[in-house]
Amino acid sequence: MELWFSELHTPDVKMSIRVDKQIHSEQSEYQRIDVFESEEFGRFLTLDGIMMLTEKDEFIYHEMITHVAMASNPGIKNVLVIGAGDGGTVRELTRYESLDNIDMVEIDERVVEVCKQYLPKTACCLDDSRVHIFYDDGLRFVRRHENEYDLIIVDSTDPFGPGEGLFTSEFYGNCFNALTADGILVNQHESPYYSDDAKAMQRAHRRIREFFDICRVYQAHIPTYPSGHWLFGFASKSVDPLSPDIEKWNASGLKTRYYNTDLHKGCFAIPNYVKELLESV
Amino acid sequence: MLDQHKAPVYEALMRYRDARVVPFDVPGHKHGKGNPELTRFLGKDCLAVDVNSMKPLDNLCHPTSVIKESEELAAEAFGAAYCFFMVGGTTSAVQSMVMSVCSAGEKIIMPRNVHRSAINALILSGAVPVYVNPGVNERLGIPLGMSAEDVEKAILENPEAKAVFVNNPTYYGICSDLKRITDTAHAHGMAVIVDEAHGTHFYFGEGLPVSAMAAGADMAAISMHKSGGSLTQSSFLLIGKSGEKFGVTEGRTRAVINLTQTTSGSYLLLSSLDISRRSLALDGKKIIGKVIDTAAYAREEIGRIGGYYAFADELINGRDIYDFDRTKLSVHTRDIGLAGIEVYDCLRDYYDIQIEFGDIGNILAYVSAGDMWKDIERLVSALAEIKRRFSRDKTGMLSAEYITPQVELSPQAAFYGKQTSVPITESAGKISGEFVMCYPPGIPVLAPGEMITSEILDHIRYSKERGCVMTGTEDMNIEKIKVLN
């Protein structure tokens, strides 16, 4: 049977995955939520027709959005995760016994419910006693907190839908205000490759730089995202992600499939054209 | 009862489009084919109905078919005796109202904090204003409504006046006691004309101030393009049901409108009025209800930030704040040490948020049915950030947004009088021949015929320093002003 899920990565580029069957579809208050089953990628979740995660490659994204910051500052106790309704980021965080509290703010309760039901591989740890889920707008939640979190992870959708407010100056400024003196902000930073994504990346970078002294970008290879070349932003008030101390992370004994401390050092090395894009903002 | 589901102008335009009429009339772009770049920009569907008056589409200057039907539907929806579709903005509706009720030399009672269009009407018609000073809120520094007592006093002192002009509401959302003012004016044989540029939604929302037509007023100028959802520049001029008793007739009003309004009324504007009226008539309560809820939510959230004061109906005092328009999101900013205009500039420059206006103590964010929840969150968060990043000591900040004018000559006499241009800094003690105002909001600090005082010059200098866009004088830089010889 020729049943294909397709997503336009640009008006002229399409990525398609053959679908075995559609498992779920609904229109929530905020967006359309779909779950499909496929041979190649296992189950996958799309929001408004845009790929969020597949069972096969989600580990890359979720490991890279959490462990880089966690290795950079082992003293992190209190974490805020914005978006992340699929639970993958929280799953990685709950592996650290050193964490006291994980607040997760997701605007759409239906995403969490759907993931709990159909994507247990990522949503498995949302019931951890340290995890508190708030169904709220990220922008509203974060402006009500001050000097509270050691790490904020922005695991959002693209800046052209419900996630739009999470790519703005007001949001990054509110995050700065909600972070402690050693606070770190990690955000999914879009892709540098296709021009619309690159513009979103530049905008985000320019705005984060207004607030944080340390502002770096690191990369990962995520096959199902546009171009496969994906960036993350690492911003902090004082913590250097390239300190030799990151090696101490290896003592934690955490077993990961993508992340390791060699890759940690290497992922901040970015191609010249990306450097130029970032420097020109 | 007419069927408010109908939209005669809109339906006629669709029939015209479907008939694939070959145009050998103006406009010369011929459904856009003659101007490909413009067509790409605005869209083929839009250009295809940018057409001229013709029999099936009626004629705005002399409506007998579809425009007339649409005007009658609008009149019914607003509780009016008649409704004129206006394509020159509410400015032209306000001017037509004033010129319909006053001739040269006749008096009109009005608040001084009117939009410049009202004073322009006095220049055109030669009517003489009797100004009622609006109240002023000391903390906010904003001009308020007129108290009914002050209006009554003016009526008794000027029994020969032809009309009373009322803002319903002001730009800031403040209402006078329109019902009582109307009853008093009518008891003395005066017409009541109402600037409802900011009051379209009063006709449809629940729990909002009384509308001009419901209060029994004789005319109202309605900015459909503000809270009504139509295209910029499209408005209504309404005639009240008792208008004829006070000299306001459909025929005379149309004759006055036709003095200055174009004979080529845009069908884009006319159809937008028709479609917007239909939507308000059918769903207005829901649409406006959402706006009221959005504004209330934003006020509550802005209140949580601290420092800002998003004012609302707690200001109501039964006099010069007889009622308040709860859809208005006005925020007092002086307590964080920033002028409203500075917050307005920060929102645009640092956060890509454009609000309606900022004056020296307040901002106004226009809230409408088009707002998404996520945009409101952005506005509130940006205000929180502006406070965190830019707030400072408020010592030395001016507060007064309104200075009581000294009127020496009628606006017309001053405008057409012999004038000399002088540096504005040396103009104190002279009579102004020109307007000076911040735009927006477009309420003159100085109007033709008023004495220039050092207090007014201080206000102008301070407003310029803080970044207000000053307009009104012939000198585009507002460094020279024309004064009467």
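Colleague: How many salt bridges does the rule find across the interface of chain B and chain A?

Modeller: This is a predicted model, in which local features need pLDDT of at least 70, side-chain atom pairs count only at pLDDT 80 or more, and totals for chains, interfaces and linings use all residues. Side-chain values use heavy atoms, without hydrogens and water. A salt bridge is a side-chain nitrogen of Lys or Arg within 4 Å of a carboxyl oxygen of Asp or Glu. One pair that meets in a salt bridge is Arg207(A) and Asp352(B), at 2.7 Å from N to O. Across the interface of chain B and chain A, the rule finds 9 salt bridges.

Colleague: Which helix of chain B gives the most residues to the side that touches chain A?

Modeller: Helices here are DSSP runs (H or I, at least four residues), numbered from the N terminus. Those giving two or more residues to this side are helix 10 (267–305), helix 11 (340–351) and helix 12 (373–390) of chain B. With 11 residues, the one that gives the most is helix 12.

Colleague: Is Lys374(B) buried or exposed?

Modeller: Lys374(B) lies in helix 12 of chain B. Beyond its neighbours within four places in sequence, Lys374(B) is in contact (heavy atoms within 4.5 Å) with Gly161(A) and Glu164(A). Buried means under 20% relative accessible area and exposed over 50%, with partly exposed in between (1.4 Å probe, protein chains only). Because its relative accessible area is 15%, Lys374(B) is buried.

Methods: Residues numbered from 1 in each chain as written. Chains lettered and ligands numbered in written order.
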